[in-house]
Amino acid sequence: MVLIKTKREIPSSEITPEAVYLSRRKFIGQSSAVVAAGALAHSTFALPDSWIEDNGYEPMDEIGEDITPKKHATNHNNFFEFGTGKTDPAKHAHQMTVDPWSVEIEGLVEKPGKLSLEDVIKDIDLEERIYRLRCVEAWSMVIPWIGFPVKKVLDKVRPLSDAKYVKFTTLLRKSEMPGTKALFSSIEYPYVEGLRLDEANHPLTIFAIGMYGKVLPNQNGAPFRLVVPWKYGFKSIKSIVKIELTKKQPQTTWNLSASHEYGFYANVNPKVDHPRWSQATERRLPQGLIPRSIKTKMFNGYDEVASLYEGLDLKKNF
Ligand code: MTE
């Protein structure tokens with residue numbers, strides 16, 4: 001079993017009045033907490049405090065991986081729009097206005113247009129997914145996201161038959177993003193990312209609007225980000241304002257910056273090293289006095305995606 005499981009479910013009595021509890025269901029072998037997004041606005045979404053604060057998250061004996069404490073997941077970030085230091089996003093991202101928020105749907109879709117975040121999540125159930133996040137820099141965490149499959153949004157806007165890729169774009173608002181005003185920058189803005197359409201439609205690929213039972217903090221990509229757990233973290237683009245369906249493979253930020261170091265696919269692969277460091281192991285955060293190194297798994301342990309890449313040379317298509 002490669003999926004990280006959560007034992008936690010949300011009793012209906014514990015949901016805040018704004019939320020309407022619908023059902024619990026099994027999701028690809030993972031018991032996931034499900035609440036109705038319904039007409040919930042981003043600002044009104046909340047899970048009960050008692051769920052988090054009283055009980056905390058327990059270690060998951062089944063696979064023996066602990067959830068990364070929230071303070072580490074929210075204070076060790078990559079969000080270059082707010083600076084390149086790991087603590088810069090936590091320091092500066094509060095400046096970003098995330099409400100109201102809208103998303104442009106463009107390109108090869110039946111229903112293009114501008115959707116409010118409320119429209120994006122309308123009638124979609126929210127689920128908790130506990131995923132490993134493996135950064136290309138060789139550190140990793142285990143994060144409990146709240147979100148929903150990307151497929152559910154794509155089904156709403158209906159890709160045309162010639163659509164083969166999905167391109168995502170992050171907000172670029174210089175007045176609120178000090179990192180985008182730096183004189184020298186290793187990447188260009190806005191941050192862009194992309195997936196093949198079948199990768200985007202894979203049930204493990206989600207949009208997250210929350211983590212640790214709460215709305216996403218700005219530094220983690222509020223109000224709305226991608227999470228693709230079998231790929232290096234840079235594919236999981238934050239604070240999305242545009243979704244475009246394309247015929248051609250879209251350009252992506254890190255690939256544009258250094259194409260020999262960062263490929264389009266960016267599948268976690270312990271056998272394909274970064275030109276400047278090994279990808280065979282990773283440092284699971286937080287690190288104590290004695291460094292904790294664990295073996296990196298192919299596809300970050302999410303073997304069920306392997307069939308997406310049958311016949312593809314993953315050394316060439318890194
Ligand atoms: N999205 C944007 N817009 N800008 C970024 O700099 N960094 C990426 C990804 N998404 C980044 C981004 C990288 S390198 C990683 S590892 C993850 O976000 C980190 O997500 P986290 O800060 O929530 O752990």
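Of the 318 residues of the protein chain, 54% count as buried. Buried means under 20% relative accessible area; exposed means over 50%, and partly exposed lies in between (1.4 Å probe, protein chains only). This is a predicted model, so local features need pLDDT of at least 70 and side-chain atom pairs count only at pLDDT 80 or more, while totals for chains, interfaces and linings use all residues. Residues are numbered from 1 along each chain as its sequence is written, and side-chain values use heavy atoms, with hydrogens and water left out.

**The chain as a whole**

- The protein chain has seven helices and 15 strands. Both are DSSP runs numbered from the N terminus: helices are H or I with at least four residues, strands are E with at least two.
- Take the contacts in the protein chain with a separation of 6 or more: residues 24 or more positions apart account for 72% of them. Contact means heavy atoms within 4.5 Å.
- The accessible surface of the protein chain is about 14000 Å². Carbon and sulfur atoms hold 53% of that surface. Accessible areas come from the Shrake-Rupley method with a 1.4 Å probe; for residues, only the protein chains shown count as cover.

**The ligand**

- There are 16 residues around the ligand, and N77, F80, E81, R225 and K238 come nearest. A residue is near a molecule or strand if one of its heavy atoms lies within 4 Å of it.
- The side chain of N77 has an N or O atom 2.8 Å from an oxygen atom of the ligand.
- N220 places a polar side-chain atom 2.9 Å from an oxygen atom of the ligand.
- S236 uses its backbone: an N or O atom there lies 2.9 Å from a nitrogen atom of the ligand.
- On its own, the ligand has 530 Å² of accessible area, and the protein covers 99% of it.

**Y309**

- Y309 lies in the segment after β15 (293–295). Y309 counts as buried because its relative accessibility is 4%.
- The side chains of Y309 and E199 make a polar contact of 2.5 Å. A polar contact is a pair of N or O atoms within 3.5 Å; within protein, one must be able to donate a hydrogen and the other to accept it, and residues adjacent in sequence count only if both atoms are side-chain atoms.
- Y309 and E199 are 110 residues apart in sequence, and their C-alpha atoms are 9.7 Å apart in space.
- A polar contact of 2.9 Å also joins the side chains of Y309 and W230.
- Leaving aside neighbours within four places in sequence, Y309 is in contact with several residues, including R196, Y265 and F299.

**T246**

- T246 lies in strand β13 (residues 240–246). T246 counts as buried because its relative accessibility is 13%.
- The side chain of T246 reaches the backbone oxygen of K248 at 2.7 Å.
- Not counting residues up to four places away in sequence, T246 touches L108, D162, A163, K164 and Y165.

**Backbone features**

- The peptide bond from D99 to P100 is cis, with omega near 5 degrees. P100 lies in the loop between α3 (88–92) and β4 (102–107).
- Y189 and P190 are also joined by a cis peptide bond, with omega about 0 degrees.
- S239 is not a glycine, yet it has a positive phi of about 40 degrees. S239 is buried, with a relative accessible area of 0%.
- A266 is not a glycine either, and its phi is positive at about 55 degrees. A266 counts as buried because its relative accessibility is 3%.
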